[in-house]
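We will go from stop to stop, selecting a few residues at a time.

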Amino acid sequence: MSLQSLGYLAFLPLTAVVCLHLPHRLQAPFLLAASWCFYLLAAPGAFLVLLGCTLFTWLCGLGLSGRHKNALLLLGVAGSLGCLAFFKYAGLLAAPLSAFFARAGLAVRLPALAMPLGISFTTFASVGYLVDAARGETAPERSFVHYALFTGFFATITAGPICRAPSLLPQLHAEHRFSEERTVRALRLYALGLFKKVAVADVLMLFVRPVFADIAGHGGPVLLAALLGYTLYLYFDFAGYSEMARASGLLLGIRLPENFKTPFFATNFSGFWARWHISLSGWLQDYLFTPLVWADASRIPLLGRRVQRLSPVFCVFVVFFFSGFWHGNTMPFVVWGALQGLYRAGEELCHRYLGRPRKKAPAYTVWAKRAGVFVLWALGMAFFAMGSGVGADGPRPVGDALALLGGLLRGWAPARFAAEAKAAVLAGFYANDLMAAAWLAFAAFGLALSFWLDWQRFAHCKGSGSEEVLAAQPRAQRWVLYYLLVLGIFAGLVVQSGGFGGQSFAYAGF
């Protein structure tokens, strides 16, 4: 069961109706039971891993106010990250180790372990909690029920957003009751997220997948269109999930952090990462970058004689390089992380030696910067897409990403572009010329409406949630938008021919 499935559309309102009418003392236990039911339906084989990791970090957190605080903090953080690393990289080593044992004459075959659903997001939430508790920014949680709900809340466990204990735990202890205004906001937010998922992201992927499956057989224009399509797919897929997760929490009276704030209107990469996957960016800032910057480098062998503190630019690169390893255990993700590190470090060096740009620049300069950020981000998506295995049965090598980027330079004849684009739509959607034209019109409609809503948020609703864009429109226009969103959602489901729950979310695998 995922957040866009038909089953979830029954599970969420039923959970909300029951929870909001329970006595205060029963609300958290009920939500935990509902969250565990959700997890068992989505990934039954991984439930014991979730339970074990939750119990381990809770027990470590209980002692963070005592004499052995540092030891328990180290144990909790190392154990949590070690568990994450084991499941992320054990599968990568299973085949080589099995082959090594076979050459040694030993009949040992190591199984390739699947990633437990949500382990990355629960790990980051747990590590953040342990560090915050050790710093005194939050009190160690005495209730296992509330702690387990904090790490395993059904709205966030699949793909975040990564929640912080000082913000979420007090909400889980509070009493929640029905609110008409809050429910309307939640419905708006859920509709926006579902539209972005099924009417934009999944529709774009119908074109992207056939092209990426045969990189060598396509010319530059179609490869470029597919690369841009994948870039937009990832944004609308993940932003759509994040909005549905926030809507789910809001329906229950729980406010979850925003994960996206119009990133494609950023004029530099620091601004982009402040708007993209915000919960991860903030987590890396607080729990990796800041400790690195303030670390005593004098204890590092050889380097410590000359350096007392690590350079902030170097730390920026390390943080993004680490994020590549977090996203996946294959080389394309490592290269992608290194690219993001180079973008950010290069930007900091330009600011240091060339000076920071003027705050008020001409409009053409601002849009040129936005275009430059988008193009560089899209080029990096070639590695992200290959690491994610788009167009194949599993992760693809760096060579495929390089072949994709190199292929952008060939075959720029308009006739070839038209023929290849049409063939990709026919293969990915429906083998009929009229239906292919309908797909193109619907994809253009979904992108136009989504970017208009993003522009309205950026230009007129700064600092507000995405659902506030709908609330800010005049009554007649607002109702037109409601109908467009609902019709777009049903049309998107028809276009996919798979009904509710068709395409899984991109970040559910991380």
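**Stop 1: a buried threonine**

Begin by selecting threonine 262, which is buried, with a relative accessible area of 5%. Keep in mind as you look around that this is a predicted model. The loop that holds Thr262 runs between α9 (220-251) and α10 (269-273). Now check the backbone: phi of threonine 262 is near 45 degrees, a positive value in a residue other than glycine.

**Stop 2: on to histidine 277**

Next, select histidine 277, in the loop between α10 and α11 (278-294). Is His277 buried or exposed? Histidine 277 is buried, and its relative accessible area is 0%.

**Stop 3: a helix pair**

Now colour α8 (residues 180-213) and α9 separately and turn the view until you can see both axes. The two helices pack with their axes 7 Å apart, at an angle of about 155 degrees. That angle makes α8 roughly antiparallel to α9, since anything over 145 degrees counts as such. The crossing of α8 past α9 is left-handed. If you show the side chains in this contact, what kinds of residues will you find? They divide into 26 nonpolar, eight charged and four polar residues.

**Stop 4**

Proline 161 sits in the loop between α6 (144-152) and α7 (165-173).

**Stop 5: along helix α14**

For the last stop, select residues 363-388, which form helix α14. This helix of 26 residues reaches 36 Å from its first C-alpha to its last, close to the 38 Å expected at 1.5 Å a residue. Where does α14 bend? Centre the view on methionine 381, where the bend is about 30 degrees. Met381 is also one of the buried residues of α14. Others to pick out on this helix include Arg370, Val373 and Trp377, as well as Phe383 and Phe384, and these are buried too. Finally, step just past the end of α14 to glycine 389, which takes a positive phi of about 80 degrees.

Definitions and conventions. Residues are numbered from 1 along each chain as its sequence is written. This is a predicted model: local features need pLDDT of at least 70, side-chain atom pairs count only at pLDDT 80 or more; totals for chains, interfaces and linings use all residues. Side-chain values use heavy atoms; hydrogens and water are left out. Helices (H or I, at least four residues) and strands (E, at least two) are DSSP runs, numbered from the N terminus. The expected span of a helix is 1.5 Å times one less than its number of residues. The bend at a residue is the angle between axes fitted to the seven residues ending there and the seven starting there. Buried means under 20% relative accessible area, exposed over 50%, partly exposed in between (1.4 Å probe, protein chains only). Axes are lines fitted to C-alpha atoms, for helices over the stretch in contact, and angles run from 0 to 180 degrees between N-to-C directions. Angles under 35 degrees count as roughly parallel, over 145 as roughly antiparallel, 65 to 115 as roughly perpendicular and the rest as oblique. A crossing is left-handed if the near helix is turned anticlockwise from the far one by less than a right angle, and right-handed if clockwise. Ala, Val, Leu, Ile, Met, Phe, Trp, Tyr, Cys and Pro count as nonpolar, Asp, Glu, Lys and Arg as charged, and the others, Gly among them, as polar.
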